[in-house]
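The sequence and the structure come first.

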Amino acid sequence: MVDSSGTLHLGNSPVLAVRDFRLDVVEGPDAGRSFGPLAAVVRVGSAEANEVRLSDAAVSRFHFSIERGPRGLMLSDSGSTNGTFLGTYRVLSAYLDDGAKIGVGKTVLSYRVAKEARVLPVSERRSFGQLLGESPAMRSLFSMMERLAKVDAPVLIEGPTGTGKELIARGLHAEGPLKDRPFVVVDCGAATPTLIESELFGHQKGAFTGADQARTGAFELADGGTIFLDEIGELPLPLQPKLLRVLESGVIRPIGSEKERAVRVRVLSATHRNLRHMVNIGTFREDLYFRLAVCPVQVPPLSERPEDLRVLTHHFLGHALRAIGFEGPTPAPSRETLSFLENQTLSGNVRELRNLVERAVILGEPSLVHGGELAPTLREINSTERRLLPERVPLEEAKRRFEREYLVRLVTRHQGDFRAAAEEADIHPKSLQRLVRRHELKDTIAQEMGP
């Protein structure tokens with residue numbers, strides 16, 4: 001049986017299956033053409049890189065895509081100029097039904113789904129490097145990564161914040177033929193254009209104000225290995241042709257130098273942005289996109305793989321317990337804990353889940369935490385955040401409010417025993433007392449403790 005998300009259930013073992021589809025052009029300059037069989041991810045537009053390329057002048061270079069969502073195949077507009085329509089309704093994203101009519105520019109396409117499902121290859125593995133997952137979606141991703149690790153083609157890793165894009169890059173490097181060579185990370189959004197250019201390509205002493213000594217760039221450091229360009233969508237437009245030149249020629253020139261240097265690196269990149277939309281509006285070069293996205297990889301958000309919640313929670317629970325000195329076997333997270341987490345909107349994905357579990361272990365009652373029960377503390381954290389941040393506040397104010405709440409609960413839990421509370425917080429008792437005085441919490445703590 002195939003459910004609406006494309007998961008085929010054979011007994012108790014889910015595997016990933018898809019129904020291929022076709023796009024038939026029923027109106028417009030390309031009327032009569034048919035594209036298919038197709039399977040997600042499919043890009044539609046006028047650019048050559050699209051799986052479905054249309055000649056309609058009113059169609060954007062990257063107009064829309066069809067990708068797998070948690071409840072089936074989903075159409076997503078790529079920031080097109082003239083919009084994407086389902087029937088008479090303009091849509092940004094929508095699930096597709098068999099027979100749907102998609103309007104773009106002067107073109108109408110008919111979406112037709114195959115009757116038979118096709119099973120996709122899935123890995124037997126439950127992890128790839130530090131990336132964990134038992135869901136069919138993740139095991140299908142692992143299968144793709146196993147193939148990509150064996151080649152040196154550029155890979156563009158796309159997905160929401162917190163899904164583990166850097167872990168994918170590290171896994172591809174660690175399991176490939178370059179595993180014993182350098183792996184160099186560059187955050188493309190972390191500095192000014194001049195500093196990013198220097199970080200990428202290096203500079204000579206005196207090349208610009210503040211260049212007191214020469215610097216070796218990331219491409220040279222990664223020579224013979226892998227360079228990972230994180231958040232490539234943040235790279236300033238003036239630097240994009242310089243990066244493209246290096247990718248095409250394999251030659252770098254440090255800032256202020258007259259000499260070029262040949263480098264050979266594998267290029268992996270990642271972004272949470274929609275680069276196709278950025279190409280449409282002119283903030284990302286189309287030729288650079290094509291060069292980076294030879295092998296695109298889409299990382300599913302946690303909401304599309306609920307089967308992974310248990311294994312991830314168990315992993316983060318064990319890591320957090322070891323960090324506070326717990327030496328026993330990692331307990332299984334309780335049903336109540338998993339039920340609470342299943343009902344949360346984890347927009348920060350796996351990273352947010354990890355942070356929630358770590359905070360619950362630090363702030364929770366040890367006897368409960370050691371048994372895998374985090375739900376009471378998770379509910380408190382959830383309630384506290386809503387109470388502390390009912391409106392937009394500056395970061396320092398948010399930190400002050402959280403610290404006050406933490407101190408009250410910490411000292412109250414230990415019934416005013418500052419030595420025991422300080423030991424749990426891993427600070428000196430006098431430091432804890434100073435914090436309580438600074439926030440003027442003596443009366444508040446007394447009220448919480450009661451008579």
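## Backbone and core of the model

Asn349 lies in helix H10; helices (H or I, at least four residues) and strands (E, at least two) are DSSP runs, numbered from the N terminus. The model is predicted: local features need pLDDT of at least 70, side-chain atom pairs count only at pLDDT 80 or more, and totals for chains, interfaces and linings use all residues. Residues are numbered from 1 along each chain as its sequence is written, and side-chain values use heavy atoms, with hydrogens and water left out.

**Backbone positions**

Although Asn349 is not a glycine, its phi is positive, at about 60 degrees. Its relative accessibility is 3%, and Asn349 therefore counts as buried; buried means under 20% relative accessible area, exposed over 50%, and partly exposed in between (1.4 Å probe, protein chains only). Glu231, also not a glycine, has a positive phi of about 50 degrees. Glu231 is placed in the loop between strand E21 (226-230) and helix H5 (240-249), and with a relative accessible area of 17% Glu231 is buried. The peptide bond that joins Gly36 and Pro37 is cis, with omega about 0 degrees. Pro37 belongs to strand E4 (residues 34-38).

**Nonpolar cores**

In soluble globular proteins, nonpolar side chains tend to be buried together. A nonpolar core is here a set of buried Ala, Val, Leu, Ile, Met, Phe, Trp, Tyr and Cys residues joined through side-chain atoms within 4.5 Å. The largest such core has 36 residues, and the members that touch the most others are Leu312, Leu353, Val361 and Leu374. At least two residues of this core come from each of helix H8 (309-323), helix H9 (335-342), helix H10 (349-363), helix H12 (375-388), helix H13 (395-413), helix H14 (418-425) and helix H15 (429-438). A second, separate core has 32 residues, including Val184, Ile232, Val246 and Val267.

Which residues are in contact with Leu312, leaving aside its neighbours within four places in sequence? They are Leu132, Leu302, Arg305, Val350 and Leu353, where contact means heavy atoms within 4.5 Å.

**Helix packing**

Axes are lines fitted to C-alpha atoms, for helices over the stretch in contact, and angles run from 0 to 180 degrees between N-to-C directions.

| Helix pair | Axis distance | Angle |
|---|---|---|
| H8 and H10 | within 9 Å | roughly 45 degrees |
| H8 and H9 | 11 Å | about 115 degrees |
| H14 and H15 | within 8 Å | roughly 100 degrees |

Angles under 35 degrees count as roughly parallel, over 145 as roughly antiparallel, 65 to 115 as roughly perpendicular and the rest as oblique. H14 is therefore roughly perpendicular to H15. On the H14 side the contact is made by Phe418, Arg419, Ala421 and Ala422, and on the H15 side by Pro429, Leu432, Gln433 and Val436. By class, the residues of this contact are six nonpolar, one polar and one charged; Ala, Val, Leu, Ile, Met, Phe, Trp, Tyr, Cys and Pro count as nonpolar, Asp, Glu, Lys and Arg as charged, and the others, Gly among them, as polar.

H8 and H10 are oblique to each other. From H8, Leu309, Leu312, Thr313, Phe316, Leu317, His319, Ala320 and Leu321 meet Val350, Leu353, Arg354, Val357, Glu358 and Val361 of H10. This contact of H8 with H10 has 10 nonpolar, two polar and two charged residues.

H8 and H9 are roughly perpendicular to each other. Here Leu309, Arg310 and Thr313 of H8 meet Leu338, Leu341 and Glu342 of H9. The contact of H8 with H9 has three nonpolar, one polar and two charged residues.

**Two lysines**

Is Lys165 buried or exposed? Lys165 counts as buried, at 8% relative accessibility, and lies in helix H2 (residues 165-174). Leaving aside neighbours within four places in sequence, Lys165 is in contact with residues including Ile157, Glu158, Phe228, His272 and Val299. Lys165 and His319 are 154 residues apart in sequence and 20 Å apart in space, C-alpha to C-alpha.

Lys115 is exposed, with a relative accessible area of 78%. Lys115 is found in the loop between strand E13 (107-113) and strand E14 (118-119). Between the C-alpha atoms of Lys115 and Arg90, 25 residues apart along the chain, the separation is 28 Å.
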